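Here are my notes on the model, point by point. Please read them with the structure open.

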Amino acid sequence: MPLMAQTSLAPMEIFETEIEELFNQAEQQSQQGKWLNAIETWKQILLIAQQADNKQIQAMALLAIGGDYKELRQYQEALKYYDEVSSLFRQLNYPLGESVAFNNMAEVHREIGQYQEALKYYDLALAIVREIDERSLEATVLKNIGLTLHTIGKIQEALNYYNQALFIKHEINNPDGEAGVLNNIGGVYESIGKYQEALKYFSQALAIYHEINKRYEEGLSLNNIGEIYRKIGQDEKALKYFSQALAIRREINDLDGEAKSLNSIGVIAQYMGLPEEALKYYHQALPIIRKVNNRVMEASILNNIGAAYEILQQYQEALTYHQQALAIRQEFNDFNGEVKTLNNLGIVYFQLGQYKEALNYFNKALNMIKIYPNRSVEATIYSNIALVHRNTNRLTEAIANWEQSVTITLQTRRTLVRENRQSFIQYNQLHAIALTDLLIEQNRVERAYEWINLVTTFELANYTNLIQAKVTNPQAQLAVDKWEEKTRELATLYERLQDNFSESLSQQIRSLEAEVNKLAEKTINEFPEIAELFETTPQDIDKLRENIPSDTAIIHPVLLTDNDIDNVPHNIAIFILSKDQPLTVTKVSINLKEFDNLISEYRNKLQNRRARGYKSIGGELYDLLIRPVEDQIDTLSPNRIAIIPTGKLRYIPFETLYDQQTKQYLIEKYPVHYFTRLSVNSLQSEKQLSNRQGVLALGNPVPVEPYNLPGTEAEVNSISQILSGSEKYIGKNATLDSFKIQGLRFRFIHLATHGCFQPEGCCFKLEGCSPNEMDMEGNTILFADQNLNIRDAALLGMENVDLITLSACQTALKADSDGQEIAGLAYLFERAGAKAVMASLWSADDETTKEIMVLFYQNIDQGMSKVEALRQAKLKQIKRHPFYWAPFIFVGNGN
């Protein structure tokens with residue numbers, strides 16, 4: 001908005017009644033957006049003031065007329081009146097008014113893309129306000145300079161001016177102005193891909209606007225926050241903020257803002273794969289934005305309409321709208337917008353097979369983006385250039401551009417706090433999938449495996465990464481140093497416990513463990529620099545390979561799929577890793593929908609003891625996941641196979657996959673167990689502690705319906721008699737305290753109790769439960785005294801534990817599940833230090849569970865490795881439906 005200086009220039013006492021009425025009328029007309037009417041009224045005031053030779057009122061009118069012409073986007077008229085009023089202020093020797101005129105002239109030049117002219121006038125205004133020590137106006141001019149510098153891509157200079165403005169706004173207690181600067185700083189960080197910083201500043205601005213009841217600005221901030229959530233892949237959150245902004249903007253009749261919110265909601269619909277729905281919102285927004293004559297925003301909406309038509313493969317329509325958008329953006333020197341439209345035009349020509357024309361537009365966009373940074377768009381442009389090179393068989397250039405694209409994505413992730421990393425990576429995984437696919441085609445297997453691992457993100461943190469960690473953020477470093485100090489205290493207590501166990505010392509350790517691990521979690525969640533320490537690096541991949549047991553072959557199937565991919569085939573890349581042999585990979589083409597249905601159907605058949613046809617479907621999956629790599633496995637002649645499953649594959653018990661040629665399950669050929677990213681820790685640590693005893697077994701903690709598990713009492717009684725030094729806790733004695741305090745003494749911990757790993761809760765009643773009557777809260781394990789939230793399991797110290805078994809726990813397959821529940825459970829106990837975890841994918845028959853568990857521990861007592869012991873126990877049941885023997889999976893160190 002243009003600045004006014006009427007209070008100092010025109011005290012009310014100088015107005016005659018007629019002038020005062022006209023003045024009030026003009027102001028009211030401007031506030032109502034009736035700018036042409038306001039201009040006519042101000043011109044009447046100007047004429048009267050000229051006749052009376054009242055230069056102060058003349059200046060007031062000229063300034064207001066210039067402002068109203070600016071609102072009408074009649075920029076040359078606005079400049080004419082601002083120039084006239086600046087001369088009049090100089091005659092009146094009124095520097096404040098002159099600085100206001102210069103500032104407003106600069107705003108006009110900025111809006112029409114004449115940025116150097118804008119900076120010239122801003123500098124003139126700044127020099128004056130500093131000379132007369134007008135702090136409030138100084139802050140406004142500094143903010144405007146920052147906005148201009150940001151527009152022309154001078155990021156650091158823009159932040160410098162914004163921070164000067166922010167300091168002054170805060171110093172003079174101007175919350176409205178302070179919030180405005182916070183919004184602008186957020187915009188800078190958004191443009192360079194530092195979304196966490198952007199979110200922080202936008203949220204601060206929103207809080208201020210809400211507190212001072214500035215509804216227009218509140219709507220603006222809500223929309224800004226929505227944009228950030230959209231860019232990090234949290235569409236539902238984005239939609240919530242856009243909808244809130246739209247409601248406010250309609251309430252206050254902010255037509256410009258309403259159109260922007262409608263456009264934003266359209267973008268969300270488009271990203272959710274609903275281009276027709278998106279077009280409805282865009283076509284609502286377009287006439288509104290044209291009504292208020294916001295040409296720059298009009299171009300943005302036109303660009304988005306073109307993008308929707310791209311998805312609908314209506315390419316001529318897309319070209320028409322993109323060309324309209326490009327013309328407006330070039331007219332107004334909207335460089336950031338121009339980059340996006342150039343990129344979109346390139347996409348259309350790519351889809352039309354006109355690769356030379358497509359590359360021309362992509363390169364134009366890339367050249368501009370380097371001057372006017374926008375990291376997310378830059379990553380997209382590099383990926384699009386890679387697509388052109390791939391389709392024209394320039395594969396080296398394609399790989400280089402995709403690597404550049406993924407590198408930018410990973411650099412952006414560094415700036416995000418933990419909670420936003422997963423959705424951001426999922427939202428931006430297409431480039432990495434395409435890169436990996438092409439590297440495999442080019443037989444660059446090591447590089448492909450490295451990239452596909454780099455673009456995963458950690459679910460749970462391996463706290464050892466904090467040891468001697470050094471980061472640039474001083475606050476984060478202080479938190480790390482405090483954690484290390486507490487960790488040293490804990491190590492001392494562990495040593496004392498090894499020499500002489502006592503319940504009081506065990507309780508002291510558990511208390512300090514919780515403190516240490518909560519401090520680590522808080523630090524990881526708060527600081528992006530700390531979160532980055534836990535992401536996969538090439539060194540982590542090397543460490544995994546170095547620590548693979550010599551008798552083990554690792555199968556790591558990776559789904560190179562995404563519902564949004566149009567230009568890359570859907571494949572499974574099956575990597576084979578071993579101790580001393582080169583990494584190999586086999587790529588298997590799949591129909592994504594059919595593959596998802598196959599997994600879901602297989603899982604359902606395995607869970608239903610009466611189902612038939614499971615061998616047929618298991619055979620199809622064997623042919624997809626195992627047969628393509630049989631030769632590589634046979635060459636390695638391993639004694640066991642370890643699987644690193646990803647996504648939905650985490651729900652498949654691979655040992656059940658059925659070779660229809662040899663009529664054997666995979667488990668009949670090899671012992672099978674599973675690794676997570678944290679399993680490398682258990683492979684590195686084979687420390688045996690001399691005073692550790694046998695099994696701590698807890699069972700049936702709540703022996704009443706619907707929680708009663710009577711079969712687990714016999715299971716626990718039998719298990720506790722197998723290994724010397726074992727102890728059992730049944731019924732009311734199976735408490736969480738017993739588990740926590742006594743657990744430090746035992747090699748094995750066996751929990752025969754209910755576990756609920758569904759966020760919405762679990763129901764054990766045959767008749768079912770309503771949403772408000774679940775028998776167990778989500779993500780908990782049942783004990784006699786209180787439930788354990790499985791998140792808190794990661795806070796326990798279980799470094800002495802070889803194996804923790806949850807024999808009666810279950811997970812459930814949801815339609816949208818990708819295996820996070822069971823992976824999370826394994827991660828949690830591995831994070832706590834356990835060498836291995838045995839868990840159940842579904843609730844099996846009580847008697848069969850008992851038989852498998854008892855035989856497992858008997859095999860352990862006879863000297864078998866853990867994974868071989870479980871295999872032999874399962875093979876005793878192999879003639880039965882897999883429902884009985886297949887649910888138990890072994891994760892971690894199988895030695």
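1. Start with the pair H6 and H7. Helix H6 covers residues 95-111 and helix H7 covers residues 115-131. They pack at an angle of about 160 degrees, and their axes are 8 Å apart. An angle over 145 degrees counts as roughly antiparallel, so H6 is roughly antiparallel to H7. The crossing of the two helices is left-handed. Bear in mind that this is a predicted model.

2. Now the residues behind that packing. H6 contributes Pro-95, Glu-98, Ser-99, Phe-102, Asn-103, Met-105, Ala-106, Glu-107, His-109 and Arg-110. From H7 come Tyr-115, Glu-117, Ala-118, Tyr-121, Tyr-122, Leu-124, Ala-125, Ile-128 and Val-129. By class, the contact of H6 with H7 holds twelve nonpolar, three polar and four charged residues.

3. Follow H7 onward to Asp-133. This residue sits in the loop between H7 and helix H8 (135-151). Most residues other than glycine have a negative phi. Is Asp-133 buried or exposed? Asp-133 has a relative accessible area of 55%, and the cut-off for exposed is over 50%, so the residue counts as exposed.

4. Ser-637 lies in the loop between helix H31 (630-636) and strand S4 (640-643). With a relative accessible area of 54%, Ser-637 is exposed.

5. Check one peptide bond. Most peptide bonds are trans. The bond that joins Glu-705 and Pro-706 is cis, with omega about 5 degrees. Pro-706 belongs to the loop between strand S8 (693-699) and helix H34 (710-719).

6. Helix H19 spans residues 355-369, 15 residues in total. From first C-alpha to last, H19 reaches 21 Å, close to the 21 Å expected at 1.5 Å a residue. Its buried residues are Ala-358, Leu-359, Tyr-361, Phe-362, Ala-365, Leu-366, Met-368 and Ile-369. What do these buried residues pack against? Their partners are helix H17 (315-331), helix H18 (335-351) and helix H20 (375-391).

7. H30 has twelve residues, 614-625. The expected span is 1.5 Å times one less than the number of residues, so H30 should span 16 Å. The end C-alpha atoms of H30 are 16 Å apart, which agrees. Buried in H30 are Tyr-614, Ile-617, Gly-618, Gly-619, Leu-621, Tyr-622, Leu-624 and Leu-625.

8. Tyr-494 is in helix H25, residues 474-499. Its relative accessibility is 18%, and buried means under 20%, so Tyr-494 counts as buried. Tyr-494 and Cys-762 are 268 residues apart along the chain. Their C-alpha atoms are separated by 37 Å.

9. Last, the chain as a whole. The protein chain has 40 helices and 16 strands. Its C-alpha trace spans about 110 × 65 × 55 Å along the principal axes. Of the 895 residues, 60% are buried. Among contacts with a separation of 6 or more, 67% come from residues 24 or more positions apart.

Terms used: Residues are numbered from 1 along each chain as its sequence is written. This is a predicted model: local features need pLDDT of at least 70, side-chain atom pairs count only at pLDDT 80 or more; totals for chains, interfaces and linings use all residues. Side-chain values use heavy atoms; hydrogens and water are left out. Helices (H or I, at least four residues) and strands (E, at least two) are DSSP runs, numbered from the N terminus. Buried means under 20% relative accessible area, exposed over 50%, partly exposed in between (1.4 Å probe, protein chains only). Axes are lines fitted to C-alpha atoms, for helices over the stretch in contact, and angles run from 0 to 180 degrees between N-to-C directions. Angles under 35 degrees count as roughly parallel, over 145 as roughly antiparallel, 65 to 115 as roughly perpendicular and the rest as oblique. A crossing is left-handed if the near helix is turned anticlockwise from the far one by less than a right angle, and right-handed if clockwise. Contact means heavy atoms within 4.5 Å. Ala, Val, Leu, Ile, Met, Phe, Trp, Tyr, Cys and Pro count as nonpolar, Asp, Glu, Lys and Arg as charged, and the others, Gly among them, as polar.
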